[in-house]
Amino acid sequence: MLDFYNQRRKQLHEVQPNLGHQILAKLENDFKVQIITQNVDNLHEKSGSSNVLHLHGELLKVRSIKNSNYILDWQGDLNFGDVDKKGNQLRHCIVWFGEEVPAIEEAVTIIENAEILIIIGTSLQVYLAVSLMNFAKPTIPGFYIDPKPVTIHDLPNDIKVIATTGSKGMEIVQKELKKLQW
């Protein structure tokens with residue numbers, strides 16, 4: 001597992017945010033934007049977004065195997081023998097299958113208080129994360145952007161489906177949001 005995530009971290013250092021990330025960051029000029037992401041990369045932060053909640057952890061952080069609250073920023077490789085102050089092995093700060101999603105309650109609160117919902121680039125198949133949209137108020141506008149959107153008959157609210165990439169979809173949403181500004 002250490003090597004797998006070390007390789008992902010190396011890849012992360014080589015990629016840049018796309019236009020969709022940049023538009024989300026720019027929206028902070030006109031809206032209070034809170035991003036909830038399943039991705040473990042830092043592309044939202046690289047693009048300038050200031051309010052990002054990582055549901056499944058972060059590649060650039062590690063934590064103690066004995067104390068999940070002991071979290072460190074980490075840029076290079078994590079190796080066997082890298083330990084916390086008490087000698088416990090460090091692991092990547094990533095939520096693995098079967099583990100609790102520590103940020104889920106905070107995510108629910110964010111969605112419950114949202115005035116606009118934008119869902120980007122997801123198959124709507126990952127349990128817990130997919131259920132978040134159901135906590136949105138039924139009266140708020142919503143957008144679902146994905147090149148191959150899943151056909152679900154019970155999407156909450158009147159969610160507008162935009163069948164394209166995250167970048168192109170965010171260009172469309174950005175124009176729509178200008179019409180909604182109050």
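**Salt bridges, sheet and cores**

Guide: Let us begin with Lys61, which counts as partly exposed because its relative accessibility is 23%. Please keep in mind that this is a predicted model.

Visitor: Which side chain does Lys61 meet in a salt bridge?

Guide: The partner of Lys61 is Glu58, at 3.9 Å from N to O. Glu58 is partly exposed, with a relative accessible area of 22%. Glu58 and Lys61 are also linked with Asp73 in a network of salt bridges.

Visitor: How many salt bridges does the count come to?

Guide: The count comes to seven salt bridges. One of them joins the side chains of Glu99 and Arg91, at 2.7 Å from N to O.

Visitor: Is Arg91 buried or exposed?

Guide: Arg91 is buried, with a relative accessible area of 9%. Glu99, in contrast, is partly exposed at 30%.

Visitor: And what about Glu176 and Lys179?

Guide: Their side chains meet in a salt bridge of 3.7 Å, N to O. Because Glu176 and Lys179 are three residues apart in helix 5, about one helical turn separates them. An α-helix has 3.6 residues a turn, so residues three or four places apart point the same way. Glu176 counts as partly exposed at 22% relative accessibility, whereas Lys179 is exposed at 66%.

Visitor: Across which strands does helix 5 lie?

Guide: Helix 5, residues 166–180, lies across strand 6, strand 7 and strand 8, and runs at about 165 degrees to strand 7.

Visitor: In what order do the three strands come in their sheet?

Guide: The order is 6-7-8, in an open sheet with parallel pairing. Strand 6 and strand 8 each have a single partner strand, so one side of each lacks a neighbour in the sheet. On average, neighbouring strands are turned by 15 degrees against each other, direction ignored.

Visitor: How many bridges join strand 7 to strand 8?

Guide: Four bridges join strand 7 to strand 8, and Gly142 stands opposite Ile159 of strand 8. Strand 6 also pairs with strand 7 over four bridges. There, Ile119 has Tyr144 as its bridge partner, and Ile120 has Ile145.

Visitor: Which way do the residues of strand 7 point?

Guide: Gly142 and Tyr144 point one way, Phe143 and Ile145 the other, and all are buried. Strand 6 has a covered face, formed by Leu117 and Ile119, and an uncovered one with Ile118 and Ile120.

Visitor: Turning to the largest nonpolar core, which residues touch the most other members?

Guide: They are Leu55, Leu117, Ile119 and Leu132, in a core of 21 residues. Helix 4 and strand 6 are the elements that give two or more residues to this core, and helix 4 supplies the largest share, five residues. Apart from this core lies another, of 14 residues, which include Ile23, Ile116, Met170 and Leu177.

Visitor: What is Leu55 in contact with?

Guide: Leaving aside neighbours within four places in sequence, the contacts of Leu55 include Ile36, Val95, Val101, Ile104, Ala107 and Leu132.

Visitor: One last topic: which residues of helix 1 are buried?

Guide: They are Tyr5, Asn6, Arg9 and Leu12. Seen down the axis of helix 1, these buried residues fall within an arc of 115 degrees, so they line one face of the helix. They pack against helix 3, strand 3 and strand 5.

Terms used. Residues numbered from 1 in each chain as written. Predicted model: local features only at pLDDT ≥ 70, side-chain atom pairs only at ≥ 80, totals over all residues. Heavy atoms only, no water. Buried < 20%, exposed > 50% of the residue type's maximum accessible area, 1.4 Å probe, protein only. Pairing = 2+ DSSP bridges. Axes fitted to C-alpha atoms, helices over the stretch in contact; angles between N-to-C directions. Contact = heavy atoms within 4.5 Å. Arc of directions from axis to C-beta. Core = buried A, V, L, I, M, F, W, Y, C linked by side-chain atoms within 4.5 Å. Salt bridge = Lys/Arg side-chain N within 4 Å of Asp/Glu carboxyl O.
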